[in-house]
Amino acid sequence: MSISENVAAVYERIASAARRAGRNPNDVALMAVSKTQPPERIREAYEAGQHLFGENRVQEFAAKAGELGDLPTAEWHMIGHLQSNKAAKTAELFRAVDSVDSLKLAEKLDAAAAALGKKLEALIEINVGGEEAKSGVALDSPELEELLLAAHRLEALVFRGLMTVPPFTDDPEEARPYFRKLRELRDAIAARKLPGVVMDELSMGMSHDFEVAIEEGSTCVRVGTAIFGARSKS
């Protein structure tokens, strides 16, 4: 199948999952994970109507951004683990960072965005499975509380919600409890009405489990393989 056919098929699956959950399919955004993809394949997805993209590495995207600068409505989000020394370049290249996992990083991004005179949207990445090999702040951790309480003074960085990558399992149903945990955490944070914190985004679900994530309240699914095909092992 072509990329355009894949995009259409994913949108159909999103709509079906949303309807099963009694949700409006328009309330679920599709993010095409374009890491490792060359500009021509990203352009093909754009021409198929896909305008929201997620990249994992700052340097990789910087190398191809010039070739994609003529896509007027393309929206680029940083979704990979980010070191604070890359904050300035990140703020320059991206509209949003969906993987904020420390106050130090948040402060660096805020300063970099302010220097550019722009607002940078952000999601807090939650390590919902408590996996040592994954980035993200732990549930109920001091680091999470530190981020939430600092949000009101980060004037250029706007917290919009939460993101997670649950432990991988072959059975998508096994991810359901983790997606539910993130939704419950989002609801608990939203109920506190903290200054500078908006909790209307839940980025969760990837190619193999996004339908379950939608049933559990995801507002953005991050899909790579189901759009672009399996990545080369080389």
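Glu215 is partly exposed, with a relative accessibility of 26%; here buried means under 20% relative accessible area, exposed over 50%, and partly exposed in between (1.4 Å probe, protein chains only). The model is predicted, so that local features need pLDDT of at least 70 and side-chain atom pairs count only at pLDDT 80 or more, while totals for chains, interfaces and linings use all residues. Residues are numbered from 1 along each chain as its sequence is written, and side-chain values use heavy atoms, with hydrogens and water left out.

Glu215 forms a salt bridge with Arg20, with 3.0 Å between the closest N and O atoms. Because Glu215 belongs to helix H8 (residues 210-215) and Arg20 to helix H1 (residues 3-20), the pair ties together parts 195 residues apart in sequence. Helices (H or I, at least four residues) and strands (E, at least two) are DSSP runs numbered from the N terminus. Arg20 is exposed, at a relative accessible area of 53%. Both residues belong to a network of salt bridges that also links Glu173, Arg176, Arg180, Arg183 and Glu216. A salt bridge is a side-chain nitrogen of Lys or Arg within 4 Å of a carboxyl oxygen of Asp or Glu, and the whole structure contains 19 of them.

A further salt bridge joins the side chains of Arg153 and Glu107 (3.1 Å, N to O). This pair links distant parts of the chain, 46 residues apart, with Arg153 in the loop between helix H6 (142-150) and strand S6 (157-164) and Glu107 in helix H5 (residues 103-116). Arg153 is partly exposed at 43%, and Glu107 is partly exposed at 32%. In the salt bridge between Asp187 and Arg186, the N to O distance is 2.8 Å. Asp187 is partly exposed at 37% relative accessibility, whereas Arg186 is buried at 13%.

The second largest pocket has a volume of about 240 Å³. A pocket is an open set of points on a 1 Å grid over the protein atoms alone where a 1.4 Å probe fits, with protein on both sides within 12 Å along at least five of seven lines; lining residues have an atom within 4 Å of a point. Grid points are joined across faces, edges and corners, and the volume is the space filled by probe spheres set on the points. The lining comprises 16 residues, with Glu75, His77, Glu121, Glu201 and Cys220 nearest the centre. Strands S1 (29-33), S3 (75-78), S4 (96-100) and S5 (120-126) each give two or more residues to this lining, and the largest share, three residues, comes from S5.
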